[in-house]
Amino acid sequence: MGKGNQSCVTEIELLGFSDFRALQVPLFVLVLAFYVFAVVGNTLIVLVTAAHPALHTPMYFFLRNLSFLEVCYTSVTLPKLLVNLLSESQTISFLGCGAQMCFFLFFGITECCLLSAMAYNRYVAICCPLQYALIVNQRLCAQLAGGAWTIGTLAAFSQTVSIFTMPFCGPNRISHFFCDILPVLGLATTDTHQYEAAVTILTVLLILVPFLLILLSYSLIISTILKMPSAEGRHKAFSTCSSHLLVVSLFYGSAILIYMQPTSVQSQGHDRFLSLVYTVLTPTFNPVIYSLRNKEIKSALRKSTGWKLFPQATSLG
């Protein structure tokens, strides 16, 4: 990490992928394609599930929340990355950096909690089908979603305020493409061990614990699936679960690897590429894995647009 000026920082230079000049244009095209697909796909899901009364069920309520989150989540970091990939100036104001970090943490933490709520909903639907309507009612859905948004708000605001009230009067460059929490911590001109410990604790509570709960839910789901008498039913259920687990593992796994390592390792810039997994790939895969492979969503899309897309459909229970 370069040293930059030694006066109090008013802007931060996001080095991004500037040390890979040959990759700038190809990466721009790739990220732009993924970003457009993620925004269009997730926006379609929000509009379609809101417009069709048949999709006003707990599963689609959570999907609507997730898709709205993904649109916001990707829009916090990717537009700035796209601009920087084609620009000589790669700076962001100090206040802008704080705002970007706050919203990134807000949407990211909320998604971590929401995904665990979705896994619980799927567990009840498959493992307790007779009690599903009684357990997962409108009130519980609102409580789970509201809890996820509330936790995201409190965690993001508290972390951002605690970090950006520290002195930043030294280096102003980070080897990253957005203002992530650990690279920015590395710029603080004070002892940050206490803050790093707080980040590790939050990672355990808000990323690792939800991930473990999701794995527990899916282990119980798989146990139930194995008892299904129909081979075709087992195949469809396993196909759905494996797709969900793949995306969830990519999202949580990459985040855990990044946020549970020391700032000194982060400052070397290796995690820029790993960060692309949860900032670019998983928001793009989610519309396909969770919804666009779903026959109810595709039927609603055909009714809304007249498009005869994906004639062969499978239901995601």
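Ala-255 counts as buried because its relative accessibility is 5%, where buried means under 20% relative accessible area, exposed over 50%, and partly exposed in between (1.4 Å probe, protein chains only). The model is predicted, so local features need pLDDT of at least 70 and side-chain atom pairs count only at pLDDT 80 or more, while totals for chains, interfaces and linings use all residues. Residues are numbered from 1 along each chain as its sequence is written, and side-chain values use heavy atoms, with hydrogens and water left out.

Ala-255 belongs to helix H8; helices (H or I, at least four residues) and strands (E, at least two) are DSSP runs, numbered from the N terminus. Which residues does Ala-255 touch, leaving aside its neighbours within four places in sequence? Ile-207 and Tyr-278 are in contact with Ala-255, contact meaning heavy atoms within 4.5 Å. Thr-203 is 52 residues away from Ala-255 along the chain, and the two C-alpha atoms are separated by 8.5 Å.

## The chain as a whole

Now step back. The protein chain has eleven helices and three strands, and its elements run β-α-α-β-α-α-α-β-α-α-α-α-α-α from the N terminus on. Of its 317 residues, 50% count as buried. Take the contacts between residues at least 6 apart in sequence: 78% of them join residues at least 24 apart.

## How the strands meet

Strand S1 (residues 11–14) has side chains that alternate. Two strands pair if DSSP finds at least two bridges between them. S1 pairs with strand S2 (residues 91–93) in the antiparallel sense over three bridges, and Ile-12 stands opposite Ile-92 there. With strand S3 (residues 173–174), S1 pairs in the parallel sense over two bridges; here Leu-14 stands opposite Ile-174.

## Empty space inside

Rolling a probe the size of a water molecule over the atoms shows where empty space is left. On a 1 Å grid over the protein atoms alone, a cavity is a set of points where a 1.4 Å probe fits but cannot get out, and a pocket is an open set with protein on both sides within 12 Å along at least five of seven lines; lining residues have an atom within 4 Å of a point. Grid points are joined across faces, edges and corners, and a volume is the space filled by probe spheres set on the points.

The table sets three of these spaces side by side. Ala, Val, Leu, Ile, Met, Phe, Trp, Tyr, Cys and Pro count as nonpolar, Asp, Glu, Lys and Arg as charged, and the others, Gly among them, as polar.

| Space | Volume | Lining by class |
|---|---|---|
| Largest pocket | about 230 Å³ | eleven nonpolar, three polar, no charged residues |
| Largest cavity | about 250 Å³ | 14 nonpolar, three polar, no charged residues |
| Second largest cavity | about 50 Å³ | six nonpolar, five polar, no charged residues |

The largest pocket is lined by 14 residues, and Cys-113, Ser-116, Ala-117, Pro-210 and Leu-213 lie nearest its centre. Helix H3 (94–127), helix H5 (138–164) and helix H7 (193–225) each give two or more residues to this lining. Which helix gives the most to the lining of the largest pocket? H7 does, with six residues.

The structure holds five cavities of 30 Å³ or more. In the largest cavity, 17 residues form the lining, and Leu-105, Ile-109, Thr-203, Ile-207 and Tyr-259 are the closest to the centre. H3, H7 and helix H8 (231–259) each supply at least two of the lining residues. The second largest cavity has Leu-14, Phe-17 and Phe-177 among its lining residues, and helix H2 (residues 58–85) gives the most to that lining, with three residues.

## Aromatic rings

A search of the whole structure finds 20 aromatic pairs. The rings of Phe-61 and Phe-62 form an edge-to-face pair because their centres are 5.5 Å apart and their planes are at 65 degrees. Rings of Phe, Tyr and Trp (its six-membered ring) pair if their centres lie within 6.5 Å; planes under 30 degrees apart count as stacked, over 60 as edge-to-face and the rest as tilted. Phe-61 counts as partly exposed at 24% relative accessibility, and Phe-62 counts as buried at 1%. Phe-106 and Phe-107 form a tilted pair, 4.8 Å centre to centre with 40 degrees between the planes, and both residues are buried. One aromatic cluster includes Phe-17, Phe-177, Tyr-259 and Tyr-278.
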